[in-house]
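This report covers selected secondary-structure elements and their contacts. The sequence and structure are shown first.

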Amino acid sequence: MASRAEPPGQRSAGISYQALIAQDRVPPPAPLTWENPLDVPTVRVPVLRYTSREYYDREIRELWPRVWQMACREEEIPQTGDYHLYELGPYSIIIVRTHDGIRAHHNVCRHRGRKLCDFATGHAASFICPFHGFSWNIDGSLRTITSEWDFPHIDRQNFGLTPVRAELWGGWVFINMDMNAEPLADFMGDLPRHFDFWPPEERYVEAHVGKVMKANWKLVQEAFMEAFHVITTHPQILDGIGDENSQYDAWDNFSRAITPNGTPSPHLKRQPTEQELFDSVTMRALDDPPNPEVPDGMTARAMLSAGARAGLQKILGTDAVIADAEVSDSIYYTLFPNFHPWGGYNRIVYRFRPWDNRHDRCLMECYYLSPFAGDRPAPAPLRLLDEDTPWTEAPELGLLAKVFTQDTFNLPQVQAGLEAAQYQEVVLARYQETKIRHFHHLLSQWLPD
Ligand code: FES
Ligand SMILES: [Fe+2]
């Protein structure tokens, strides 16, 4: 697909991430010291991957029915009989808690094909088809056939709901429509080791917001896989973000970026004061009370970390060791193809998938996965924003709603630009667009040219 991404080893002139965290007051846990630069040739991506209905249809046939994908949280189906629908393109899958663990089935009646469940979440003692009333137990086995005397040709043992694989990690339920797929644990590789310090199963869904976007699902997720866009998309935060100092790595089926905060952008022509660094990161609105002063001898990064650490220790206990990097930096993983859990104590998890079975629409979802003390709070239900409703209509996102508005402002125009493009390939930065290169390298293996 492209020439090699040479020369290797070139990085921004700014301080490296590893040199930065070596100066932190509370040192980082091991995963933040790991590095694994990507070594694959992909630096160009065919435009058709974003604009072609035919390519979209290939993804529907060859990628989605075979790959592990996050479907919901375990906490969203706490009681036996609770179910959740996961829908993507033409596919509709019921994830249900049974007496015997979490199971998944295609949401399709075996009689004449009506969808069994119409609602995104619910509770069922059994699944009863609204058309002629055939029913199935929640484990997928056949329960009743209407006018059974008229169906002597049905073998009851072979008339269960079409099964889907369901496996768990970190409080997330993953599904795979391919019954012969490798186990989820094999697919994830070392990713769970990275999260040993931040177990997602010990967090709850504090917020869950989805928004329909007028762009291909890959195009939208790629806007959240690099800090390269910060200089132009979020210029207001340049004082306090080491955008060009970000570290990018990839392992097997997942990749990671780490963008340091509380350190100035190498793009700046001047050195901001520690106070300017602090104010930039806190993104105080004009009518908010003034920020505290950064004392002499204190860095903004240390002060930001100390404040965040103190807040978290109220929940996690005062003996919890919380590194500066874990509360300051943006540590964003991507598990192929579309699951983006953030590391450290940042709450964000993204998922992107096609919407309305169209190549030029997608659903972007943001979960806030937060630590809690005592009983697990009930998970927030999904707030779904249509394509014309701004992120700021979801107040539970807080300051991030404004950032998302900046992030997503360009994307319909990128889709439109690519639809208009008279060239064949987009071109990627060798280092700062590592995660996107890694994604397309894997996608090329799933959908060979
Ligand atoms: S289509 Fe479901 S019972 Fe007939
Ligand atoms: Fe952004």
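Strand E2 runs antiparallel to strand E11 (residues 172-176), and 4 bridges join the two. One of the bridged pairs is Met-70 with its partner Phe-174 in E11. Strands (E, at least two residues) and helices (H or I, at least four) are DSSP runs numbered from the N terminus, and two strands count as paired if DSSP finds at least two bridges between them.

The model is predicted, and local features need pLDDT of at least 70, side-chain atom pairs count only at pLDDT 80 or more, and totals for chains, interfaces and linings use all residues. Residues are numbered from 1 along each chain as its sequence is written, while chains are lettered from A and ligands numbered from 1 in the order in which they are written.

E2 and E11 belong to an open sheet of 7 strands with antiparallel pairing, in the order E2-E11-E10-E5-E4-E3-E6. Its edges are E2 (69-73) and E6 (121-123), each of which pairs on one side only. On average, neighbouring strands of this sheet are turned by 30 degrees against each other, direction ignored.

| Item | Helix H8 | Helix H9 |
|---|---|---|
| Range | residues 274-282 | residues 300-316 |
| Residues in the contact | Glu-274, Leu-277, Phe-278, Val-281 | Ala-300, Met-303, Leu-304 |

The axes of H8 and H9 come within 8 Å and cross at roughly 40 degrees. Axes are lines fitted to C-alpha atoms, for helices over the stretch in contact, and angles run from 0 to 180 degrees between N-to-C directions. The two helices are therefore oblique to each other; angles under 35 degrees count as roughly parallel, over 145 as roughly antiparallel, 65 to 115 as roughly perpendicular and the rest as oblique. Residues are in contact if their C-beta atoms, placed from the backbone, lie within 7 Å.

H9 has 17 residues and reaches 24 Å from its first C-alpha to its last, close to the 24 Å expected at 1.5 Å a residue; the expected span is 1.5 Å times one less than the number of residues. Its buried residues are Ala-300, Arg-301, Met-303, Leu-304, Ser-305 and Arg-309. Buried means 20 or more other C-beta atoms within 10 Å of a residue's own, exposed 12 or fewer, and partly exposed in between, with C-beta atoms placed from the backbone. The cover over these H9 residues includes H8 and helix H10 (324-328). Just after H9, Gly-317 takes a positive phi of about 105 degrees.

How values were computed
Contact = placed C-beta atoms within 7 Å.
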